[in-house]
Structure formats: C-alpha cells, structure tokens
Amino acid sequence: MGISIMKKPLYQLKQPQDIIRQFTPNWFAMVMGTGVVALILPEFANGHQYVWQFAQYLWLFNTLLFTLFSVLYLLRWIIYPTEAKQIFKHPSMSLFLGTIPMGLATIINGLLKFGLPLYGDLALNIAHFLWYVDVTLAVLIGIAVPFFMFSQQQHQLHSMTAMWLLPIVACEVAATSGGLLIHYLPADTQSLAILLGSYVLWGMSVLPAFAVLTILMLRLALHQLPAKELAITGWLALGPIGTGALALLVLGAEGAPLLQHFGLGQLGEFLHMAGLFSSFILLGFGLWWFAIAVLITRSHLRTDLPFNLGWWGLTFPLGVFTLAVLNLAQQSQIGFIHSIGLGFAMLLIGLWLLVMFKTLQGMYRGNLFFSPCLKSFLENHPVALKNAD
C-alpha cells in the first residue's frame, strides 16, 4: 500500500489510516469558511426563526468538523511523528498551521452568538477558556512559522503568494474574538487586560500582514499572475484587511464603555471613533484587493481551474470582509453600506456552496487527502518510500 492508493475513491481504501497519514492542516480552512458563513447567516433572518436555527445547526456542524480535524491531526503526530514534523520544512504546508487557531476562533465566536442561548453561562465559560487557547496558538504559530521561513525553508520572490499571510493573520482574528468576548464579561481588570491585549495582537498581525501585501504587489508586478493552481490565493489578501477593520470596530465599540468604567472615557471614545474612521480606509483598500482577486480568478477561468483545498480561500477572507462591512453599517447607521454588506454575503454563500460541493466530491474520491510535505519526505528517504509501498 502506497501513496497511490489515495487516488481511489474513499470507500475503496484498504488502509483507512492513510487518511491520518495524509492529513494536513489546510483542512481547517474548511472550518474557517463554514464558520464565517454560520456567523453571517443571521443577517438574513429578519425575524425568521428558521434562518437562525439553520445558522445554529451549521455552527454545531462546524464544531464537529473542528473536533474531527483536530483528532485526525493529533493522531498524525502520535502515529507518524517523524513525517508530521516535516511540515516545518515545507514552504507552503507550514503556512496552513495558521488555519488552526483561525478555525478555533469561529467556534469561539459561535459560542457567543449561538451557544449562549443554548447553554447559558457554560458556553461563555468555554468560550473564555478557548480564547486563551486560541491566543496561545495564534502567537506561537505567528512567530514560529515565519522563523522557520527565515531559517529552514527555501523561498523565492517569483513563487511567493498571499499564503504567507496565513500564519500571521491568526493574531488579529483572535483580537476580534477578544473584543466580542469582553461584551459578556464583567467590567474588571481581566476584561481590561483582554481589551489591551487584543490591541497588541492586532499590532502583531496587521502590521506584518501589510508588509507581506507590499511584497506581494511587487511579486505580481515583476512576475505576473500566479499559476492556475494558486489563482485563488489572491483572495487571501482580503483576510488581514477585513479582519483588521473588524477588530478595530469591535474593540472600539466594546472597549469604550469598559474604559469609561476605569475613568478612561476619553481614550475609549477616541478608540471608538478611530475604529470607525480607520475601517472606512481599510475597507476601501479591501475593495481594491477584491477587484484584483476577481480579475486574477477570471483570467484563469478561461482555462481549466483545478480544484484543491485552497479554494476555501474564497470564503473566510471574503467572510470577515463582509462582517466588517456589516458591522460598520450597524455602527454608522448608513443604510447603503448594509446593502453592500448583504450583497457580499450573498456572494459568500454562493461561493461556500460551490466549494463545499467540490470538497465533498473530492473527499469521496479520496484525492484531497494528500500531504505534499510527506511526498517530499518520502522522495528524499528511499527506505521510507519502499516501506510505504
């Protein structure tokens, strides 16, 4: 039994543990995309309880997905530790480690949105605990993966893509969750620490992300569009822009009353107004990147555009950008901005349905269970390759 068995349909696999052996963290992008759709669907409820319930069920399904993927990836480290650690040397797979804390963030945000009506204070306590786990993972990955890029991996400007953003953006996603969390916590020093810590997380993420975007623009200008297999990566640029704006909006709105409680009302009002003003600028930049991403994708649609798990990059970045637009509309009370947000939300749902269908199709066929870092490891270790066969 070798790697070639993964070309067979899933139900024909004679060695199901190959799913564990080939499991990579890019599967958590599916959790990210599904989670952000669940969080946006209530915008279409308009008093219709069934829409809210469907969104709630989708969040529960997404929680099961995250749990399943976490178990599979943990088992890979337990059963195949030598092969699993090769991810740190792989120039692209290592970047997807950032999808783990970002996927967890959608579970935390769902606990606050859907879990509280179902489970009460238990959901809040779990979300509070998981936020610290999420921050720990985001910070570790946000520092460790770039360090491995600098020290152990080989990168060239012509092969650079927006995937470089993945390990960095997790910190600002956690910052947004921190802002949502303090809304439900007492106005005490712990909440103040979460607020200020979330601004630190924002700085650890957004500023390096914009440095990456600068390099990406240079790469596109010098080496033209990415290969068709990487065409979807252009959408990832919406992630740090949208989440950066969303975090400022949420932290500004939730932080103002908290800072007022500590006698820092002027600072709170400044952060609130700064969040509103900055989000207009960031979302304008996001609209520019959205147009570029659409044009890049359209240019490759003229030829065959192969499906891979990278297609989930169509969902989460657009989703957080949409959430930022909708939050801005809510705080500014400008109706046409809300309409624009709903338009993006409808596009997001359509893209999610498309990518989910193709993912389920690929799971059935088994061809999505493929680890490039394992392939590279086996090619460089003939004895291991012989044993695998």
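In which helix is Tyr-119 found? Keep that in mind as you click through this predicted model.

**Start with the whole chain.** Show the cartoon and colour by secondary structure: the chain has 14 helices and 0 strands. Its radius of gyration is 21 Å, close to the 21 Å from the globule rule for 389 residues, so the chain is as compact as a globular protein of that length. Along the principal axes, the C-alpha atoms fill a box of roughly 70 × 50 × 45 Å. If you colour by burial, 54% of the 389 residues count as buried.

**Next, select Tyr-119.** Here is the reply to the opening question: Tyr-119 sits in helix 5. With a relative accessible area of 45%, Tyr-119 is partly exposed, because that value falls between the 20% and 50% cut-offs.

**Then move to helix 9.** Select residues 238–261 and display the end C-alpha atoms, which are 35 Å apart; at 1.5 Å a residue, the 24 residues should span 34 Å, so the two values agree. How many of the 24 residues of helix 9 are buried? The count is 19, and helix 9 is mostly covered.

**Zoom in on Gly-255.** A kink of about 35° lies at this glycine in helix 9, shortly before Pro-257.

**Finish at Gly-263.** Step just past the end of helix 9 and check the backbone: Gly-263 takes a positive phi of about 75°.

Methods
Residues numbered from 1 in each chain as written. Predicted model: local features only at pLDDT ≥ 70, side-chain atom pairs only at ≥ 80, totals over all residues. Heavy atoms only, no water. Helix = DSSP H or I, 4+ residues; strand = E, 2+ residues; numbered from the N terminus. Buried < 20%, exposed > 50% of the residue type's maximum accessible area, 1.4 Å probe, protein only. Expected span 1.5 Å × (residues − 1). Bend = angle between axes of the 7 residues up to and from the residue. Rg over C-alpha atoms; globule rule 2.2 N^0.38 Å.
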